[in-house]
Amino acid sequence: MSLANASKEISAHPGKNSVTSPTVKENMAADVDRKMRLYGVIEAFRAGKMPDNQQIDETLRYVEEHSPVEIKKLSPDGRRLIQDAKDIIETARLIVKHKNADELFQNFVAHTNDTNFQKAKVGSEAIPVDKEDVKKDGRQAVEHLRTLLTLVLTNSEARKLLSDASVIGRDLFARGASKAAERARPSPEQLSRVDDAAPAETWESRDGTAGTGQTPVVSATTSGGKGITHDPNTGATHVHTGSSTLSPTEVKHKAEATYQDTKDRTKREADDVARTADARGETDEEKAQAGKQTLKERIVGGYNSLRDRVPDEHKDRARDEWDNTKQFFRDEFPEERRDQYIYRLKKVIVECQKHQDYTTAILWFLDTLETYFAHGKNTAKGSANSAGEVTDDPSLRRATSELRTLLERFANGKSLDGIENAARTLWEDAQRDEDLRNWFRELDEFVRKTLLEPGYVLSPACTNRSDQLQDSGHAFFDQKYKGHKDAIFDEVSAWFSAWADDPLNKRFSADWKRLTKDLLFDEHGGLTFKPHLWYDIRKVILPALIEQVGYIPIPRIEYTDNTLDLVIENLTLQGQNLFPNIVSLEAHNFVQFSPYDSIPDKSAHEFTFTFSQVQADMRDVAFYFNKKTGLPKMKDSGLADVFLGGEGLTVKVHLKSAGNDRSSVFHVKDVNVKLDSLKFSVRDSKHDMLYKTLKPLATGLVKKQIAKAITDAITTGFEYVDEQLVQVRDRMAEAKDSDDKSRSQVLKEMFERKQEEVASKKGKTDSQFKIVAKRDSVLIPNAGHESGLINRQAERASAAQEGEGWRSKAFSIINPAHGTAANTHTDASRV
């Protein structure tokens, strides 16, 4: 017989038969089904499947239109925050719809996986980088990059540098804005005249002022010093250049004559270059180069002509502005500060060089880059045919085309041809120029030595070698190949500018900026604390999200040893019941200090943590046990309801600082566990009568045993934490006094040693405890309930494989009965 349904009550002293969220079997079944669908999505991703655009669109629409938060309970700022989140989801949905039309990204991934890299052969040898190597290198690259980022971002000097850079940047911005404001401010003399009226009944004319009886002649002066006048009486317009005066028709004829003269002169110059090249017997390539040089001279001449037309006062003003800007940065960021920053960056490298993980990661990156670079050269030189076979692979061709199209869509349709052509030109330069290849080889040696040789980056030899490489590189990148180098940077800059100008990209960025502003900043852009908004998050949004956790299905639990087999299935916890309703912290601090050495300093700290109303309302929990030894031997299975309501479970932990006791960090002074209302019911078992008979006697005993077990577990856990903290403290102190190991390395070694200890303990015992996620890995295969969650997990894992190619039905997680109609309020103007 099942237990009676519990009532819902949230108060300081709830009733014995109440919990925060009573279990409703229909709701529990629906929520567990949703969790199983989510499990199916995870399994589908593991199997290499991907959602199609319709599945993504359905999911994003559902999330957008089914807010877990009651909007009416929020403040205006809270409602704005929810709307910002909806805008981000909507923009993401539109990006998928427009940028990933025809499901380009999914097809690209699928076609990449289908590419056969083994087709590439050099004679009888395979190209040294195959598909598996690429995958392996990709995984290792992520791992090593994560290691390097962790080392740098956790380095105290690097963190201080980032903080200092932020402070200096804000200071420069504030000073620059202050100076700009001072320059924009009018002079006191100008301000004193703003209220004065202009002369009455006066008009400005070409020859001075005109009165009421005269018609003023409009006049203006161009930046080139030419004057233009227009007489309203005659309708005549004249252009004055020095001592001559021309009409618009005469100016037009003069411009046409100048254009024709320039055109004829250009043609004569081109013919002269061609005749000279023929007379010298030059090749077509040399003729083209000569033509380019002539064109370059004409462009430079045109530029110089335009520059000469700019008035000298404008040139001087622009020069002064540029000089003032450079002087501003020199004053605010002097050379001493720049040198100090460079030294501190070098110091970060030196500190990281002492870490073994840094050396391993850097060596891997450098060696891998050289491997792929050599592979590229081999393919270009001796593997033309085999490389052609790879590029002829239809899957690779489709994948390349899809990736290119996808990137160009995100860049507002701008083609990648410019970047590709500019990079190819510079690559051809390096292949033809032996000196350039040698320079790159010397650069590689310098980078390796700088990054790997301890202390080299701080030595004068490093600075001297860097200067030498810069000086020798000027000959290539500032002179010989300057145009080719600039072309690459110009094309890349133009492509990323197009990416930034894309309407959907701009909208997505604006959505995130608006969310950040509404969360952290006021209307003037200043960082501010919004108490009403944080009240919404704490009292409305966070509880709603916790409620959405719903029912938490626990996988099958198994335990076996020489005396007992135990299986528990369908264990489902309610999130709201699991979290304590009341959390309290009590602290007592005593500090005694004195300026005199003869009077010792003293301190004592005590903390009391209390977690109240941890409840449970678990229904239809399937169990199986087999008692193998002793009397009586017993085997049974069935279903059970377990209820822990009212005050539920209350845990009170009292900790005290260790003071001068170096063997501990803290002491566990007391742990008190109390259970309020515990009920359980067993059915569908072989021994129902026995359980019903023993239930009144067993309930009190079970409560005491549960309380004792929890008390012992918490005490042992805190004592174990104290022991580990003592070991960490002592080993960190040893590492601080020694240069052999860093603190992070000490922590890593301790963690690895603990893993080895756990593994060795597992090998010494005959007992096994396991949380089983897959049906084919159970410890006790002949036990369990037919409705167990592990069977449903197997069904979802099998369903994840259903679908053609990369598609899977597992991603259709929105129930059609609860689906949403098309979003009719989308603002098309924002796309």
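This is a predicted model: local features need pLDDT of at least 70, side-chain atom pairs count only at pLDDT 80 or more; totals for chains, interfaces and linings use all residues.

## The big picture

A residue counts as buried when its relative accessible area is under 20%, as exposed when it is over 50%, and as partly exposed in between (1.4 Å probe, protein chains only). Residues are numbered from 1 along each chain as its sequence is written, and side-chain values use heavy atoms, with hydrogens and water left out.

Contact here means heavy atoms within 4.5 Å. Of the contacts with a separation of 6 or more, 69% are between residues 24 or more positions apart.

## Salt bridges across the chain

The structure has 37 salt bridges, each one a side-chain nitrogen of Lys or Arg within 4 Å of a carboxyl oxygen of Asp or Glu. Take aspartate 676 and lysine 16, whose side chains meet at 2.5 Å, N to O. Aspartate 676 sits in strand S18 (residues 666-683) and lysine 16 in the loop between strands S1 (7-8) and S2 (18-19), 660 residues apart. Aspartate 676 is buried at 13% relative accessible area, whereas lysine 16 is exposed at 53%.

Another bridge joins aspartate 33 and arginine 792, with their closest N and O atoms 3.8 Å apart. That pair links helix H1 (residues 25-46) to helix H24 (residues 789-799), across 759 residues. Then there is arginine 514 with aspartate 87, at 3.3 Å between the closest N and O atoms. Arginine 514 is in helix H19 and aspartate 87 in helix H3 (residues 76-99), so this bridge ties together parts 427 residues apart in sequence.

## Aromatic rings

How many aromatic pairs turn up in a search of the whole structure? There are seven. Rings of Phe, Tyr and Trp (its six-membered ring) pair if their centres lie within 6.5 Å; planes under 30 degrees apart are stacked, over 60 edge-to-face, and the rest tilted. Phenylalanine 508 and tryptophan 512 are an edge-to-face pair, 6.3 Å centre to centre with 90° between the planes. Both lie in helix H19, four residues apart, or about one turn of the helix.

Tryptophan 495 and phenylalanine 496 have ring centres 5.3 Å apart and planes at 85°, so they are edge-to-face. Tryptophan 495 is buried, at 6% relative accessibility. Both residues belong to an aromatic cluster formed by Phe410, Trp495, Phe496 and Trp499.

## A buried glutamine

Is glutamine 574 buried or exposed? Its relative accessibility is 9%, so it counts as buried. Glutamine 574 is in strand S14 (residues 571-574). Leaving aside neighbours within four places in sequence, glutamine 574 is in contact with Ser21, Gly550 and Tyr551.

## On the outside

Phenylalanine 529 is in the loop between helix H19 (503-520) and helix H20 (531-549). With a relative accessible area of 58%, phenylalanine 529 is exposed.

Methods: Helices (H or I, at least four residues) and strands (E, at least two) are DSSP runs, numbered from the N terminus.
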